[in-house]
Amino acid sequence: MSGTRLFCFGYGFTASALGALLGPAGWSLAGTCRTPEACHALGEKGIGAVPFSRDAPLADAAGCLAGTTHVLLSIPPDEEGDPALDCHGADIAAVRGVEWIGYLSTTGVYGNTGGAWVDEAAVPAPTGGRGRRRLAAEQAWLAFGARHGLGVHVFRLAGIYGPGRNALATVRRGAAKRIDKPGHVFSRIHVSDIAQVLAASIAKPDPGAIYNVCDDEPAPSADVVAHACALLGVAPPPLTPLDDADLSPMARSFYADNRRVSNARIKNELGVALRYPDYRAGLAALLAEEAGGP
């Protein structure tokens with residue numbers, strides 16, 4: 001993999017998981033972060049990082065992107081659009097040798113299916129502003145790729161969990177709630193499985209492709225919390241009806257949509273075998289890692 005360079009607009013949780021796969025294979029890793037402090041922390045790990053925001057674009061975009069062969073986009077759109085595309089789309093298009101571009105979107109673009117299964121052939125119907133902005137960003141990046149002859153790929157991610165960001169951590173903080181909304185399920189995905197899906201796409205690019213990235217088992221959030229409590233040997237919090245739960249407007253908005261998301265395409269087209277096909281496997285592995293296990 002000599003000569004391969006990944007540049008991530010938004011070198012955060014998911015990008016770091018992908019970097020952990022690619023770095024040992026000899027990739028050069030670089031990207032943006034929100035603050036100088038975060039960039040310094042990445043620099044100590046050997047990752048070339050620079051601050052970026054819509055209000056403070058890259059001062060030397062050509063220099064930052066020089067030699068880039070792969071681009072990952074994980075910054076969410078704002079009210080004006082996609083910051084990376086608006087500020088630096090032309091700079092990305094000017095880089096010679098870009099082989100792959102990945103845009104991290106959300107399964108929220110599908111909206112509410114009433115609990116029915118949905119796959120990539122479905123027409124997106126987002127119900128909220130965040131989902132509509134994500135869909136617009138997807139379409140903008142795909143159009144950008146077609147216009148410039150660049151291989152843009154869209155990854156619709158389910159709820160992400162992983163080290164430090166999971167139901168175990170929420171239970172330990174005393175912040176876990178078991179919301180009772182009969183028939184309601186969420187899809188989710190371990191961050192390391194996102195990384196292997198992205199790596200599989202990099203190895204087998206298909207410009208314009210859209211992939212759902214989720215595990216095999218959509219499940220009620222209350223079940224996940226109860227399982228985390230069982231693993232930790234603590235009593236689960238009581239079930240609380242959604243209407244009685246003291247949730248933030250954003251947290252409550254996630255209960256507006258109910259869908260089961262199919263992951264068949266990442267298996268059939270990319271050959272992905274999930275390490276953590278359900279939340280039970282994922283939480284057990286996280287607990288073992290915390291205890292110093294394999």
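Mentor: Helices (H or I, at least four residues) and strands (E, at least two) are DSSP runs, numbered from the N terminus. This is a predicted model, where local features need pLDDT of at least 70, side-chain atom pairs count only at pLDDT 80 or more, and totals for chains, interfaces and linings use all residues. Residues are numbered from 1 along each chain as its sequence is written, and side-chain values use heavy atoms, with hydrogens and water left out.

Trainee: Which residues of H8 are buried?

Mentor: Buried means under 20% relative accessible area, exposed over 50%, partly exposed in between (1.4 Å probe, protein chains only). In H8 the buried ones are Ser221, Ala222, Val224, Val225, Ala228 and Cys229. They cover an arc of only 160° around the axis, so they sit on the same side of H8. The arc is that of the directions from the helix axis to the C-beta atoms.

Trainee: What covers the buried residues of H8?

Mentor: Look for contact, meaning heavy atoms within 4.5 Å. The cover includes helix H6 (167–172), strand S9 (178–180), strand S10 (188–190), strand S12 (239–241) and helix H11 (279–290).

Trainee: Which residue follows H8?

Mentor: Gly233 does, and its phi is positive, near 70°.
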